[in-house]
Amino acid sequence: MIQRGKDPARGLWSVPGGHVENGEYMADALKREVTEETGLTIEVGQLIGFLEIVGDPHFVIFDFYADVIGDDPPRAAGDAADVRWVPLKQVEQLDCTPRFTETLRGWGIPI
């Protein structure tokens, strides 16, 4: 989990993520964002689900399973103010971004 260091949702907890750059594949964007925010290298797995937030700006959020490559500890960097491994059963104890825990439950993630 990362604590967002910038708006939107500065100070709230979520999973690493960000924008897909022009010409970039989604899986490559995910690898880049995770590395930028946590220092970790990942292998992207299956899609867990997606969430569309209609507004200005309009967001479409895709969450994927991922495996960490190597055993380096995570470190906060980039847009992340803090980073830590959080057991699923403890996610709700954090001040998370809007709809984060409800979305995970809706996707069948046992939190």
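This is a predicted model: local features need pLDDT of at least 70, side-chain atom pairs count only at pLDDT 80 or more; totals for chains, interfaces and linings use all residues.
View 1. R99 sits in the loop that runs between β5 and α2 (100-106), and its phi is positive, about 70°, although R99 is not a glycine. Most residues other than glycine have a negative phi.

**View 2. The loop between β1 and β2, with P8 and A9.** The loop between β1 and β2 (13-14) holds P8, and the peptide bond that leads from D7 to P8 is cis, with omega near 0°. A9 is found in the loop between β1 and β2 as well, and its phi, near 70°, is a positive value in a residue other than glycine. With a relative accessible area of 24%, A9 is partly exposed.

**View 3. The loop between β3 and β4, with P57.** P57 is found in the loop between β3 and β4, where a cis peptide bond with omega of about 10° joins D56 and P57. In general, most peptide bonds are trans.

View 4. E52 has its place in strand β3 and is partly exposed, with a relative accessible area of 47%. Leaving aside residues up to four places away in sequence, E52 touches H58, F59 and V60. F62 comes ten residues apart from E52 along the chain, and the C-alpha atoms of the two are separated by 8.8 Å.

**View 5. Helix α1 and its buried side.** Helix α1 has 13 residues (26-38), which at 1.5 Å a residue should span 18 Å, and the 18 Å between its end C-alpha atoms agrees with this. Its buried residues are A29, L30, E33, V34, E37 and T38; they cover an arc of only 130° around the axis, and therefore lie on the same side of α1. An α-helix has 3.6 residues a turn, so residues three or four places apart point the same way. Among the elements that cover the buried residues of α1 are β1 (2-4), β3 (41-53), β4 (59-69) and β5 (80-83). After α1 comes G39, with a positive phi near 80°.

**View 6. The cavity lined by I2, R4, G5, K6 and D79**. A search of the whole structure finds one cavity of 30 Å³ or more, and the volume of the largest cavity is about 30 Å³. By class, its lining has one nonpolar, one polar and three charged residues.

Notes. Residues are numbered from 1 along each chain as its sequence is written. Side-chain values use heavy atoms; hydrogens and water are left out. Helices (H or I, at least four residues) and strands (E, at least two) are DSSP runs, numbered from the N terminus. The expected span of a helix is 1.5 Å times one less than its number of residues. Buried means under 20% relative accessible area, exposed over 50%, partly exposed in between (1.4 Å probe, protein chains only). The arc is that of the directions from the helix axis to the C-beta atoms. Contact means heavy atoms within 4.5 Å. On a 1 Å grid over the protein atoms alone, a cavity is a set of points where a 1.4 Å probe fits but cannot get out, and a pocket is an open set with protein on both sides within 12 Å along at least five of seven lines; lining residues have an atom within 4 Å of a point. Grid points are joined across faces, edges and corners, and a volume is the space filled by probe spheres set on the points. Ala, Val, Leu, Ile, Met, Phe, Trp, Tyr, Cys and Pro count as nonpolar, Asp, Glu, Lys and Arg as charged, and the others, Gly among them, as polar.
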